[in-house]
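User: I'd like to learn how to read a ligand shell and a few backbone features. Could you walk me through them?

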Amino acid sequence: TQTVYTFGGAADHSDPRQRDKTVTGGKGANLAEMAEIGLPVPPGFTITTEECVRYLQEGAAFSDKLHADVATALAHIEQAVGKSFGDAGDPLLVSVRSGARVSMPGMMDTVLNLGLNDETVQGLAKTSGDDRFAWDSYRRFIQMYSDVVLGLDHGAFEEALEIAKEDRGYFTDTELSADDLRELVSEYKSIAESELGQPFPQDVNEQLWGAIRAVFDSWDSDRAKVYRRLNSIPGDWGTAVNVQAMVFGNMGETSATGVAFTRDPSTGERAYYGEWLVNAQGEDVVAGIRTPQYLTKARREAAGAELPSMEEAMPAAYAELARVFDLLEAHYRDMQDIEFTVQQGKLWMLQTRSGKRTAKAALKMAVDMVGEGLISEEEAILRVDPMALDQLLHPTLDPDAPRDELGKGLPASPGAASGKIVLDADTAELWSNREEDVILVRVETSPEDIHGMHAARGILTARGGMTSHAAVVARGMGRPCVSGASAVSINMTDRTLQIGSRSLKEGDVITLDGATGQIMGGRVPTIEPELAGDFGVLMEWADRHRRMGVRTNAETPEDCRTARGFGAEGIGLCRTEHMFFDAARISAVRAMILAENEEGRRAALARLLPEQRSDFVEIFHTMAGLPCTIRLLDPPLHEFLPTRDEEFEELSETLGLGVDHLKRRAGELHEFNPMLGHRGCRLGITFPEIYEMQARAIFEAACEVTAEGGDPVVPEVMIPLVATRKELEILRALVDRVAAEVFAEKGASVDYLVGTMIELPRAALMAGEIAKEAKFFSFGTNDLTQTALGVSRDDAGRFLGPYVDKGIYERDPFVSLDVDGVGQLVEIAAERGRATRPEIKLGICGEHGGDPESIMFCEKVGLDYVSASPYRVPIARLAAAQAAL
Ligand code: ADP
Ligand code: MG
Ligand code: MG
């Protein structure tokens, strides 16, 4: 297999591996594809991700084959450009760029202008006829290479640049003359030499291999690992390396560089969108060093900006760019995110990829593109990341609420967020771990800030455009972001900040509106989201294409209403214990638990019966005939017990029993390992009166609602934590008996089912037997994961992070089902349950029921439905449709 693929010039792009992102990375695959469809791409080559993986496995060693293949590929570039690498007279310069399978913003830095040294810089000056340009390029190269490849601190270089400007009374970099820059270069070289202990590398091949090595190594850098963990990217993919002939956006007023989207990535609107800078190179736009200009005239006018748009300043190059936009959209049939450079009037394409977008934009584009005939309904369903819907389901700022506007920045990532100001990423993480809402405020963000951005509700930066690091990462994470708010100035010494005329300090509360760029003092009230429009359309398509049902986990009428609003088709899990915590009831619950004997327990239960019945009446009314699975009491009893002295005293008064006595009874209930203790159906076996009361409440409520003329209710009574058929046999008989009693008393009856949770490995294995007693199984994958892995969910926090980092588990098994292990138990149980009872209803009610990857698995196993928490219902609907396609 090939280790290197060439692109551009006369390269042959016919090997399908070259356009496979898993082999050449996203950047490399798309560069080849653009070259293939005839777009102007500077020639170059891509070293495969496989070589990166091999290099990392083999202790950071390059193979001989790679050395040879790179030499051949370099000759391809030299031939296509007509220049030679390292040629003192007319040097070829290249960029060295990383490119993994999926884009990892800012994770691995690009080196530009590689191939410059004390000799080739002269050649570049001569052939370009522009001394200033040549020395500026060399200066940039030394700084970038020192930072990215040699790991030197860039602060010293920046300082030298600042001093050079100050000494000469300049304000901007562009005022530096060729001679100034030549002096600066020699200063840069001595900075590098003093830090390195050896001269800055002059050998161009050494430069090239150093950069290739740096790209490979960066795959395993800490910040790359953090990003991968947050985004569930496997650690064994590796990154490709792209080496590409340089084109120069810094050759004067007819040259430029920019980034653009074929549609608006914030709103999804069908309008070109982007930023550019005249006489600038690559990273200048993204780094937020100069404030970029608008691409289109319409945008510039809307923003009231002074500097001309590209459409106005370079109409020919802009027209060519617009043509390329349309070609790319038609070719990829998706919104593209593009990087380009104009060298002396000629447009060059440097990158294209499917653009990141907000959830709102993703929806709009998917629906619009179906309308435009660009994609099919099925493709539209597959285009939208179910998890991204989460952003749309949450409240936005109330447009009618008063706003104390402090200032304004760019609307970099939509959504509203309020929280306390924090000035660095570590503080953001610390405070957010204390359950505080925080807004991370930085001059600009860098990859080192990612954990803080993740911890924050929103992000505010003083510098940087719509495509700055902060903006791109925030959009990806779904965090509201306001960037480039130049009115913000931060004082890190006394941890204060100024926004316009107002002084604030760390800890003060502000609100961001990422859709308008507004920054407001204090907390602004929010309103519920709009679920019609594009959202409704896409959901309708999803419902048409999915096979599995989607239910919700809910126990309050309010949750039921929310879930129904989101399209839930029933309740998959109603946890009855939540109903016991109510302040008005807890004393009866405690009296029941602390009772000395059955008689005492029955007296207390009699007080709970009407309460529990009215809960079910309300729920059945709300669910209006949809199926409702109700789980009988599950947690160990001691969870309901008082802990504080006042509580004991209060209870002592109500029950007329001494505090000491109560404390002793409570002590008796203590368990060493309650998760595996006296809970679930074990309670029903030992205290049948508890389950009797609950069953009675369910049936009485069902009869009542039906008698009132409500839609007929079919309760599904679910017995938790069953391990043996016998347990279920006993408890099913109990439920049947109570049902018969209630129906006889009422002279009416309702249909009902009795079933069980499958949440113990033994139950999964014995599912064939258990199914003889069960009309349905619901996989309780939270407990099933705990018991199959032998990992307590409540204690996993201490070690699961490192486990995921080391790739022991690919993802947190409590978030995304461990398909390989726990998944087998689900499969076995489904198969054996069906063998006994072909029509058995199968569902999942663990946290995993709202996780798209786990939903994919549920489809594969052929479950009948998934059940998710109310806000996850739309996510589950979309994920179920994707799984079915
Ligand atoms: P990232 O993945 O961080 O976007 P890139 O490899 O795309 O990094 O490089 C960043 C920028 O560097 C590009 O947008 C482009 O402007 C510039 N660049 C990269 N390669 C070249 C090149 N061969 N000629 C000119 N500019 C380049
Ligand atoms: Mg790029
Ligand atoms: Mg459970």
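User: How many residues of the shell around ligand 1 are nonpolar, polar and charged?

Analyst: Ala, Val, Leu, Ile, Met, Phe, Trp, Tyr, Cys and Pro count as nonpolar, Asp, Glu, Lys and Arg as charged, and the others, Gly among them, as polar. Here the shell has six nonpolar, seven polar and three charged residues. Keep in mind that this is a predicted model: local features need pLDDT of at least 70, side-chain atom pairs count only at pLDDT 80 or more, and totals for chains, interfaces and linings use all residues. Residues are numbered from 1 along each chain as its sequence is written, while chains are lettered from A and ligands numbered from 1 in the order in which they are written.

User: Which residues are the closest to ligand 1?

Analyst: A residue is near a molecule if its C-beta atom, placed from the backbone, lies within 6 Å of it. Ligand 1 is surrounded by 16 residues, and the closest are S95, R97, T110, G282 and E339.

User: Which strands and domains supply the shell?

Analyst: Strands are DSSP runs (E, at least two residues), numbered from the N terminus. At least two shell residues come from each of β5 (94-100), β7 (239-245), β11 (336-343) and β12 (346-354). Domain 1 (4-245) and domain 2 (256-357), with bounds from an automatic or database assignment, each give at least three.

User: In what sense do β20 and β21 pair?

Analyst: Pairing needs at least two DSSP bridges between two strands. Strands β20 (residues 488-491) and β21 (residues 496-499) are antiparallel, with four bridges; S489 has Q498 as its bridge partner. Four residues separate the strands of this hairpin, and R495 in the turn has a positive phi of about 50°.
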